[in-house]
Amino acid sequence: MPLSISLRRAAWLLYYIFLACLLTANSFGYLDPDFGWHLRVGEQIATTHSLPSQQLYMWSLGDRTWVDHEWLSNLITFGLWRIGGYLSVSIFFILLPLIGILILNRYIFAQYLSAARERISFAALETLAIFGCLPHFGVRMQEFSFVLIIFLFIIIDAYRRRKNSALALWIIPLLFLWACLHGSFLIGVATVIGWLGYELFTRDKGNNIKLFIIAIFAIAATFFTPYGLKLYSFLGDYGSNRYYLSHIEEWRSPYSHHIRYDQILYSLLTVTLITGAWIFSKKRLPLWQFAIVAALLLAASRSVRHFPLFAAGSLLFAAPLALRALFEKNKFQASSSLSFILTACLLLSSLGLISQTTISDQPLRSYCDKYPCGAVQFLKDHPDYRKLKLFNDYGWGGYLIAALPEQKVFIDGRLPQYPFAGHTMLEEYSDFFKTDNAEKKLSEYGIELVLFKTKEKPFEPDFFERFVLGEKKQEQINPFIEYLRNSDSWEKIYSDDTATLYSLKQL
């Protein structure tokens, strides 16, 4: 085997090893705030052999009904936890996006990009996309959406290339599975509807009838999940009130604080590639591909949570065609020297990532700089306090459900959009922090115990935000916490660098 071919194969092997190391470092670099409730709900499903219909973790909502739109993801998570603890859960969620990337690359290289120079350029663009996806990867249920939308896009692309209706049949089980795994299946449904509309106006009548029937069955399959139409009703609450979009960080725009430069850079590069291919090679993306990429780019520009879906769509529908068009007149060839340099860089980067990664199999005890480990232990050691009504930090609700299941919380990450008190649960929570509102809200709910961050982290602008946008460091003054500190009715019963517990004085 020629040396150049061996180097190229070694470089590609190390590329995927590098991605695995990157995903591993990211997965163990933080704990998802919602992991705790995912785990407990999965345990509830496995123990009762039924899906949750009443919420059991928030005392503020009592026994109101709810729909777990991630029930299968939660069950899988608990099953993996029972087999091998957090380590097996982490390995699964590291492999999940990696497998999606491998399948995506195999398809693109087989159908679109055959030259080494094209593949190397694609890998560089893909790496930037993956860096932009990292905040949404790790032990997170939305990874299922990233992989499933890749499958959906490949099915659609393969169908359009081969005009084989049998390929479209795979969409039926895919949408059904997606509807059981994650609420983002609605994006899959919208994609199928948009694609069907496009095909009805561009394809022959015989194929249109078959595709129409397949699409109807695929969408109808989502009505036959265990929750049936209740799933759509529950998810409709997200569309009826958009308060959470501006008040939960992962739903905000990439242009808000802090600016997501990697996501913005990737988006700009994608637009530049498409524009460059049109200007220099006079080749435009087919209308279907352009519509998908434009729609996903718009979604990603409004919410960082949608960036992985945009990354998947643009890598399949935009990057291969644009790169192939741009390289048509470019005589650059990938050399053995370049392969050697890339191989060395990937090896060193992988070793660096692994050396800085701390593997944890005790997530509830390993991230105590972010979560109230000490306060939880205090409550375990003082069971009398666990009888009191607790008001907690929104970001700690999921952690508390796992670490202290006998203590119900005021709010967690499951139901921010739940209709409550004339608006949503998240808006009611936010009302506690309005000036001069703390005493009134605490009294209204009969709250006797408060668990909150010891110190609010100030907003510190980076170089661009400071010198270009003119942003200044902002200390966060929390009227709610200030009331607790200065009130004669409340006393501090525990405090460390992360969390502080306040208890209502027994007068």
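## Salt bridges in the model

A salt bridge is a side-chain nitrogen of Lys or Arg within 4 Å of a carboxyl oxygen of Asp or Glu. By this rule the count comes to 14 salt bridges. This is a predicted model, in which local features need pLDDT of at least 70 and side-chain atom pairs count only at pLDDT 80 or more, while totals for chains, interfaces and linings use all residues. Residues are numbered from 1 along each chain as its sequence is written, and side-chain values use heavy atoms, with hydrogens and water left out.

## Arg-140 and its partners

Arg-140 forms a salt bridge with Asp-32, with 3.6 Å between the closest N and O atoms. This pair links distant parts of the chain, 108 residues apart: Arg-140 lies in the loop between α4 (116-133) and α5 (143-162), and Asp-32 in the loop between α1 (3-27) and α2 (35-48). Helices (H or I, at least four residues) are DSSP runs numbered from the N terminus.

Glu-250 also forms a salt bridge with Arg-140, where the closest N and O atoms are 2.7 Å apart. Here the partners are 110 residues apart, with Glu-250 in the loop between α11 (243-247) and α12 (261-281).

## Burial

Buried means under 20% relative accessible area (1.4 Å probe, protein chains only). Arg-140 counts as buried because its relative accessibility is 9%. Asp-32 is buried at 6%, and Glu-250 is buried as well.

A salt bridge joins Arg-414 to Asp-412, with closest N and O atoms 2.9 Å apart. Arg-414 has a relative accessible area of 2% and is therefore buried; Asp-412 is buried at 0%.

Note on methods:
Helices (H or I, at least four residues) and strands (E, at least two) are DSSP runs, numbered from the N terminus. Buried means under 20% relative accessible area, exposed over 50%, partly exposed in between (1.4 Å probe, protein chains only).
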